[in-house]
Amino acid sequence: MSRVYNFSAGPAVLPEEVLKEAADEMLDYKGCGMSVMEMSHRSKVFDQIIKEAEADLRELMNIPDNYKVLFLQGGASMQFAAVPMNLMKNRKAGYILTGQWSKKAFAEAKIYGEAVELASSADKTFSYIPDVSDLPITDDMDYVYICENNTIYGTKYKTLPDTKGKLLVADQSSCFLSEPVDVTKYGVIYAGVQKNVGPAGVVIAIIREDLITDDVLEGTPTMVKWKTQADADSLYNTPPCYGIYICGKVFKWLLKTGGLEKRKEINIEKAKILYDFLDESKLFKGTVEKESRSLMNVPFVTGNDELDAKFIKEAKAAGFENLKGHRTVGGMRASIYNAMPIEGVKKLVEFMKKFEAENA
Ligand SMILES: *Cc1c(COP(=O)(O)O)cnc(C)c1O
């Protein structure tokens, strides 16, 4: 067996320790004679798995009691519709556009009401986070929406927008559990777990209790109404059991390795290795303004498409996988999520130095 360094933006690398544990439990989960994949979601054993996962996540993120944790399906993309359907009482909301994912959420919200662009960084191909200190938020807006870490462009909010008292809704898919967050600053946080937490198929939503009501837009599907899942403790229908089980193991791994404060330190140290090199390199350069740099997704280019392609090919041959940038932006992108070991980044930088010398 040999594992590559996997820089995929998602589905992405998971902690080896978690995968090994899951492999050990594959045929017989803790003496019950079956895999977690094969058991009823109404069984006692699974009940313990999902309850423990929630309790561990609450501990990790210090989630207050007046927030519900939901394990959902449909991807982060389903929440693009769920957010307006559950929250648009006045049928009006403000969106900050920082890339593809916020644009998609914005387009989806327009189906249900008036979605207003509050700020955008489209003028410079989303290479920075716009000033969000004084946005044109009006009193009739139901919420303000952000994509907190922009997976494709590699930007991250360093300060949250001043929402002028309005609810903040955040798509945290690609920065979830990468550092501590103050949950009380948000009305809703949600994340597709396949970026930083687990296998595709699970979305975690953390929602302030008073926002979970029957007062949703007319025509909201039962499954999209948050109250349906909240009332049933995420077991209204068959949940993505195996995915939740893996997420639970990742939560335990994060707790065991020092929690989110420690994780943030590691992530800063890890990202710095790559950014420092990009800042001094004569061949490679980062595409994001320094103040907006993500700790999770690091896009870079040589400025020459042929050289980019050569780099990606040679990197792959050397065991560095999935370094190709998103199809809409080109170049390279190294996603260095929680489970990417620091040696992976050190070795990548060594390889980039060698490539630079050979192609000077
Ligand atoms: C990947 C991603 C999505 C889309 O997730 P799906 O689960 O495929 O719907 C949405 N938002 C962000 C920030 C992402 O990184």
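Reader: Thanks! Where does F126 lie?

Author: Happy to start there. This is a predicted model, so to speak of local features we need pLDDT of at least 70, side-chain atom pairs count only at pLDDT 80 or more, and totals for chains, interfaces and linings use all residues. Residues are numbered from 1 along each chain as its sequence is written, and side-chain values use heavy atoms, with hydrogens and water left out. Helices (H or I, at least four residues) and strands (E, at least two) are DSSP runs numbered from the N terminus, and F126 lies in the loop between β4 (114-120) and β5.

Reader: Is F126 buried or exposed?

Author: Buried means under 20% relative accessible area, exposed over 50%, and partly exposed in between, with a 1.4 Å probe and protein chains only. F126 has a relative accessible area of 6%, so this residue is buried.

Reader: And D233, buried or exposed?

Author: D233 is found in the loop between α5 (226-231) and α6 (241-256). D233 has a positive phi of about 50°, although it is not a glycine. Its relative accessibility is 51%, so D233 counts as exposed.

Reader: What is the phi of F126?

Author: F126 is a residue other than glycine, yet its phi is positive. The value is near 55°.

Reader: How many residues of strand β5 are buried?

Author: Strand β5 covers residues 143-147 and is mostly covered. In a regular strand the side chains alternate between the two faces of the sheet. Here Y143, Y145 and C147 point one way, V144 and I146 point the other way, and all are buried. The count of buried residues in β5 is 5 of 5.

Reader: Which residue stands opposite V144 in β8?

Author: Two strands pair if DSSP finds at least two bridges between them. β5 and strand β8 (residues 167-171) run parallel and are joined by 5 bridges. In β8, the residue opposite V144 is L168.

Reader: What is the bridge partner of G94 in β5?

Author: Strand β3 (residues 92-97) runs parallel to β5, and 2 bridges join them. The β5 partner of G94 is V144.

Reader: Which residue of β10 stands opposite F71?

Author: Strand β2 (residues 67-72) is mostly covered, with 5 of its 6 residues buried. β2 pairs with strand β10 (residues 203-208) in the antiparallel sense over 6 bridges. Opposite F71 stands I204.

Reader: What is omega for the cis peptide bond of G10 and P11?

Author: P11 has its place in the loop between β1 (5-6) and α1 (16-24). The cis peptide bond joins G10 and P11, with omega about -10°.
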